[in-house]
Each structure stands twice: as C-alpha cells, then as structure tokens.
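Hi,

Here is the structure I promised to pass on.

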Amino acid sequence: MINLKDFIDKTTELDTKAFQRAIDLGSMRGGETVYVPFGTYTLSTVVLKDNTNIVFEDGVKINSAPKLSDFNADEEVSYKLYQDLSHSKYTCAMFYADNVKNVSIKGQATIDMLSIWDPEDKRSKLGDGYHRGAKVFSLRKVEGLRLYDVKILNATDISVLMGGCKDVIISKLFINSHIDGISPDCCEDVVISDCIIKTGDDALVFKASYFDNCKRDCQRITVNNCVISSRANSIKFGSESIGDFKYINVSNCVIFNTQHSGIAIESADGANIFGINISNITMCNVANPLFIYLSERLRAPEGTKMGSISDINISNLFADVNDQRFKSIDSWYPDIKEGSDYGTNCSYTSIIMSTNAKNKIKNVNLYNVNVSVLGGQKTTESCFPTPGDYPESSKFVLPCFGLYSENTENLKLENVSFKAQKPDERPAMLLK
C-alpha cells in the first residue's frame with residue numbers, strides 16, 4: 001500500500017504533485033492501492049493512469065484549487081463539434097483520465113469545488129455560454145471504472161462525465177452541485193445505484209453525442225435506488241442524441257423538486273431510442289412527470305435523418321405535480337445567490353408524447369400510472385416548439401391536463417389515472 005502522506009510537501013499550497021506521484025507509482029506497480037489518510041487536501045488536476053486504485057479514509061476532505069487557472073486548460077479539438085462544449089472538453093477537471101483501464105476510487109471523502117466559476121469569462125469566448133469551472137471526474141474512454149461513496153459539492157461543471165466508457169459501476173455518491181450530476185455519454189455496460197443527486201442543471205443525463213468524432217451508442221445501462229432533484233430535468237435522455245439509446249433500465253427512484261421533467265426521453269439529432277424500461281418511480285413537486293419527444297433538430301453530421309422512439313415501458317409511476325417553491329443550488333449564473341427560490345415551471349400537462357407525422361412514436365406501454373396534477377386551466381389553445389428548438393416540456397401549451405399523445409402508434413394504457421387538484425375545463429387525455 002502507498003500512503004499519500006509520504007509524498008506530501010507541506011511547503012506548497014497545492015497537494016496535486018503528491019497525489020500525482022502516488023498515482024503514478026501505484027499504476028507502475030500494477031494497481032497498488034494509494035491510501036489517502038484523514039485530512040484536508042487541495043487539488044487542481046491529477047491524471048489517472050492504468051490500474052489506479054485510490055482509497056480515501058472516511059472523513060477526508062478535498063478542496064478545489066483556488067483558481068480555475070490552476071487546473072489543466074481545455075484541450076484543442078480539431079474536428080467539428082455537434083454537442084455542447086461541456087461534453088466536448090475533458091481536460092479541465094480535478095480527476096482526469098483518457099484511454100485507460102481499471103480505475104477504482106472509493107471512500108467517504110468530500111470533494112468541494114467551492115463554486116469556482118470562470119471569473120474572467122475566458123471560456124465563454126469559446127461559445128455556448130461556457131463560463132463554467134472545472135469538472136470533478138472527467139473520464140474519457142475508461143474501461144473498468146469503479147466509483148463509490150464519494151460526496152461532491154459545489155461543482156460548476158459536470159460532476160461525473162464519462163465519455164465512451166465501458167464496464168462502469170457507480171454507487172453511493174452524494175452530489176449537490178451547480179451543473180449536471182452524472183452524465184454517461186456514449187457509454188455501455190454501466191450500473192448506477194444508491195445515489196443522491198441534487199443539481200442546478202440536469203441531474204442524471206444520458207448522452208449519445210458525436211463523441212471522439214464518430215457516432216456511438218449509449219447502451220446496456222441500469223439505474224436503481226436513487227433520489228434525485230434538479231433545477232432542470234432529473235433523469236434525461238438527450239438532448240445530444242446522434243447515437244442510439246437502447247437497453248436501459250431505470251427503477252426504484254424518487255424524484256422531487258424538479259423544475260422541468262422528472263423523466264425526459266428526447267431524440268432530437270437522429271437517435272433511435274428503444275428498449276427503455278422505467279419502473280417503480282415516485283415523484284413529488286415536479287413540473288412534468290414524463291416527456292417523450294421525437295424531433296428534427298438534427299445538430300449532427302450532414303445527411304443525418306430523423307430518428308425514432310419505440311418500445312418504451314413505464315410501470316408503477318406515481319407523481320404529485322405541484323408548484324411549491326423550493327430552495328435550489330444555483331445554475332449557470334454565479335452572481336445569483338445560492339438558495340434562491342425556484343418554482344417547478346409547470347407545463348400543466350403531465351405526460352407528453354409528441355412528434356410530427358413523419359416518424360411515429362411506437363410501442364409505448366403505460367401500466368399502473370397515477371398522477372395528481374395542478375389543474376385549474378381553461379385554455380384549449382396549443383403551442384408547440386419548432387423542430388429546431390431546444391427540446392423542453394415547458395415549451396408546450398396543451399389542451400389537456402393528463403396525457404397528450406400525438407402520432408403515437410400502439411400506445412397501451414392499463415390502470416392509468418389523472419386527478420386534477422383544481423377544476424379544469426380541459427379533458428384528462430387527448431390522443432391525436
């Protein structure tokens with residue numbers, strides 16, 4: 001076992017070099033454990049190698065380096081990007097890995113990124129409003145990843161980004177951060193369990209971007225036993241959706257205090273989404289429990305055609321839709337005080353399945369779905385986003401309060417009910 005304290009230099013402000021030397025030695029020895037004893041450490045970027053095995057003693061605290069410039073700069077990308085910059089850049093992170101095997105990090109440590117944004121807004125010049133800080137775990141093409149027990153606080157970019165990773169188990173993380181929580185992008189063979197995730201942007205978000213300049217799928221993933229809250233969407237597929245999403249199970253989760261959709265399944269850029277099973281979900285104080293949207297944004301290579309959504313099974317879902325204000329960690333704008341009140345940005349329609357007539361949504365099963373909605377609306381008007389818009393349930397105004405479905409083929413409903421808390425002149429369901 002390699003003890004980190006043997007490498008610590010007390011004359012320096014950052015402990016980055018000590019961590020890197022220990023990680024390098026453990027890798028060279030074929031995976032010897034790097035033991036991090038109780039204490040407080042300050043880190044910028046450390047690079048994980050093959051056979052990295054880090055064990056934190058319970059109670060370890062790791063603080064972010066004080067300046068964003070202490071971290072690695074963003075890498076240059078020579079090819080055209082079709083996804084947002086946050087899912088295109090990996091090197092500006094506390095723990096960074098690229099094309100390695102067998103990484104294990106575990107122990108009840110707290111990593112506090114200290115809400116450090118880009119104070120000079122240098123990254124925003126790259127476009128996409130990119131004034132975010134450093135990621136926490138930024139893992140590119142890692143095969144054999146184990147991440148357990150860690151608490152992540154105040155991250156101003158994605159807490160756990162995985163691009164093109166395989167053979168992944170993530171368990172018992174606690175995340176309370178400004179931007180996305182856990183984001184598997186073009187990953188396969190992934191298990192995520194027993195996590196508590198509270199974020200200022202999407203909490204658990206699957207992507208299938210044009211990762212590494214090619215089309216890849218996001219597939220064979222299981223999520224279970226998680227508690228999730230988001231100032232955007234709690235569990236989301238997309239919107240980066242060039243590759244396919246398939247064979248994904250989500251079960252036994254509680255979703256609360258969510259400003260947009262509890263679950264959003266979106267094919268906007270050509271993805272084929274199928275074989276998705278979602279079961280045993282409880283939601284409270286969410287704007288829109290379920291959003292299934294097939295659109296033609298096509299932020300993708302030339303010649304990409306509209307995708308498809310099929311074979312979606314939703315069972316045992318209970319949702320209490322209301323508009324209670326809630327305290328949330330802030331997202332995007334660091335000048336807004338943490339703890340500001342946010343509403344649920346309610347769409348007033350609980351389940352939305354929408355696409356144009358070109359490609360139908362097919363084979364959707366809803367079984368044992370019980371939703372209590374706000375109601376109290378009179379409008380029979382409709383408002384829809386344009387095909388090129390960013391997909392979001394809040395952009396819809398619909399003439400029903402429960403289930404709206406258009407261009408859906410083979411929709412099966414069994415024991416599905418909607419209750420309006422206030423009298424509503426709209427019907428419970430509208431199928432077109």
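To start: is Leu413 buried, partly exposed or exposed? Leu413 counts as partly exposed, because its relative accessibility is 34%; buried means under 20% relative accessible area, exposed over 50%, and partly exposed in between (1.4 Å probe, protein chains only).

Before the rest, some ground rules. This is a predicted model, where local features need pLDDT of at least 70 and side-chain atom pairs count only at pLDDT 80 or more, while totals for chains, interfaces and linings use all residues. Residues are numbered from 1 along each chain as its sequence is written, and side-chain values use heavy atoms, with hydrogens and water left out.

Back to Leu413. You'll find Leu413 in strand β29 (residues 408-422); strands are DSSP runs (E, at least two residues), numbered from the N terminus. Beyond its neighbours within four places in sequence, Leu413 is in contact with Leu366, Leu403 and Met429, where contact means heavy atoms within 4.5 Å. Met429 sits in strand β30 (residues 429-431) and is partly exposed because its relative accessibility is 38%.

The largest nonpolar core has 100 residues, and Phe56, Ile62, Phe137, Met162, Ile170, Ile182 and Phe206 have the most contacts inside it. A nonpolar core here is a set of buried Ala, Val, Leu, Ile, Met, Phe, Trp, Tyr and Cys residues joined through side-chain atoms within 4.5 Å. Strand β22 (residues 272-294) supplies the largest share of this core, 9 residues. Another core, of 8 residues, lies apart from it, with Ala264, Phe291, Ile352 and Phe396 among them. As for Phe206, its contacts outside four places in sequence include Pro184, Cys218, Phe237 and Ile248.

Ser183 belongs to strand β14 (residues 182-185) and is buried, because its relative accessible area is 0%. The Ser183 side chain reaches the backbone oxygen of Val205 at 3.1 Å. Leaving out neighbours within four places in sequence, Ser183 is in contact with residues including His87, Met162, Val205 and Lys207.

Last one: Val77, in the loop between β6 (61-64) and β7 (93-106). Val77 is partly exposed because its relative accessibility is 22%. Val77 and Asp212 are 135 residues apart in sequence, yet 9.4 Å apart in space, C-alpha to C-alpha. Setting aside neighbours within four places in sequence, Val77 is in contact with Ser88 and Lys89.

Cheers

Methods:
Helices (H or I, at least four residues) and strands (E, at least two) are DSSP runs, numbered from the N terminus. A polar contact is a pair of N or O atoms within 3.5 Å; within protein, one must be able to donate a hydrogen and the other to accept it, and residues adjacent in sequence count only if both atoms are side-chain atoms.
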